[in-house]
Amino acid sequence: EMVLQSNAGEITLLPALPEAWQDGSISGIRARGGYQFELSWKDGKLDYAKCEAIAGGRRTCRVRCQKPEAALVVECDGQPVEVHVTDGGSCEFVTEPGKLYVIRTGK
């Protein structure tokens, strides 16, 4: 719950990262909706997240980063993925099962 929360149809990255954990990573963490994540952070901020859609069917993934410097950018197979920013500030993108999506903060 400190590095990933998934509820109300939204996945929040690094929601309650302790001050003592300025740099770190975690892999194999599952989120509701059929996703598995690998997260890496530096200086208390997201470096990257890798999201694998493990559930069947195309679906929309809604992600929020607790300390974003800019909007999130998503790539799959080295190609940009269309991201929609909601009125609430979450980023949504469509996923397909078995695909790996790399999420970073924009510049």
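A: A definition comes first: two strands pair if DSSP finds at least two bridges between them. Helices (H or I, at least four residues) and strands (E, at least two) are DSSP runs, numbered from the N terminus. This is a predicted model, in which local features need pLDDT of at least 70, side-chain atom pairs count only at pLDDT 80 or more, and totals for chains, interfaces and linings use all residues. Residues are numbered from 1 along each chain as its sequence is written, and side-chain values use heavy atoms, with hydrogens and water left out.

Q: Over how many bridges do E3 and E4 pair?

A: E3 and E4 (residues 35-42) pair over seven bridges, in the antiparallel sense.

Q: And what stands opposite isoleucine 29?

A: Phenylalanine 37 in E4 does.

Q: In what order do the strands form the sheet?

A: The open sheet has six strands in the order E3-E4-E5-E11-E7-E8, with antiparallel pairing. E3 (24-31) and E8 (79-81) stand at the edges with a single partner strand each, so one side of each has no neighbour in the sheet.

Q: New topic: how many disulfides are there?

A: The structure holds zero disulfides, a disulfide being a pair of cysteine sulfur atoms within 2.5 Å. For cysteine 61, the nearest cysteine sulfur is that of cysteine 51, 4.4 Å away.

Q: Is cysteine 61 buried or exposed?

A: Cysteine 61 is buried, with a relative accessible area of 0%. Buried means under 20% relative accessible area, exposed over 50%, and partly exposed in between (1.4 Å probe, protein chains only). Cysteine 65 is buried at 7%.
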